Amino acid sequence: MKIAIIGTGNLGSSIAKGLINNDSFTSLYLSDRNTKAVKCFETLEKVSVTSDNVLAVENSDIIIFALQPKHINDVLKSVASKITDTHVIMSVAAGVTISRIEAILGADKRIIRVMPNTAISIGKSMTCIAANAMSQDKVPLAEEIFNQLGTTMIIPEDLVQAATVICASGIAFWMRLVRATTQGAIQLGFEAEEAHELAVQTCFGSASLLIESGRHPEQEIDRVTTPSGCTIEGLNEMEHQGLSSALIQGIVASFEKINQLKKN
């Protein structure tokens, strides 16, 4: 696969790292006005780092646009004449609809909207995929690429905004919960590094239990709560303080914000 990533900020460079770690290409072009984040890859075999988007497009079959929404229109227009019917276009730009891309490149182009998260750099992303009518036969290709970098789910495009909040913004939400657990452990007497390790490994173990067992979270909670015990005491206090409510309200607030970005 001849792949180009246009836009090498946090998400673009994370995708690049994941692809490089899995050797998932015959050639990889990384293009951006500022290539600092991926400069370290330019000495690797099969990897080219450039600030020339047209060059990247001309030398690739699959083009991943990893741009901020405010920049994507101008960049698409600058390369539109070089995009052919054989190209597969993938966009990870938050809030940018397939119809917006079609309006610039044409509805006859193969366009796939992809929403990964930054865990893609270590092959642990939850990536959601939606495609236009022309690219339905290329959805397996998108799955093939992104399954190497984590887990994929095919969804209707009208759920991509919600998936962005749960999966992409969700990384930050879970990081904040880990940080809060770390702070609690420090207050109870652990050194900062110890507290961090305890929080991270417990979070990892919790997710792994759910993935491997297939059980509902409440089933796992029941396994560690005992009558009149310390776990249920802590859970009830967290709920009294609004833990679940705050998390849900935060998710909804993020969803409302991303919908504002879409309108703009």
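Author: K109 is buried, with 10% relative accessible area; buried means under 20% relative accessible area, exposed over 50%, and partly exposed in between (1.4 Å probe, protein chains only). The model is predicted, so local features need pLDDT of at least 70 and side-chain atom pairs count only at pLDDT 80 or more, while totals for chains, interfaces and linings use all residues. Residues are numbered from 1 along each chain as its sequence is written, and side-chain values use heavy atoms, with hydrogens and water left out.

The side chain of K109 meets that of D108 in a salt bridge, 3.4 Å from N to O. The term stands for a side-chain nitrogen of Lys or Arg within 4 Å of a carboxyl oxygen of Asp or Glu. D108 is partly exposed, at 40% relative accessibility.

A second pair is R223 and E220, whose closest N and O atoms are 3.2 Å apart. These two residues sit three apart in helix α8 (residues 217-224), which puts about one helical turn between them. Helices here are DSSP runs (H or I, at least four residues), numbered from the N terminus. E220 is buried at 11%, whereas R223 is exposed at 55%. Salt bridges with shared partners also link D85, D108 and K109 into one network.

In the salt bridge between K39 and E42, the closest N and O atoms are 3.8 Å apart. K39 is partly exposed, at 43% relative accessibility, and E42 is partly exposed as well, at 36%. The pairs described here are among the nine salt bridges found in a search of the whole structure.
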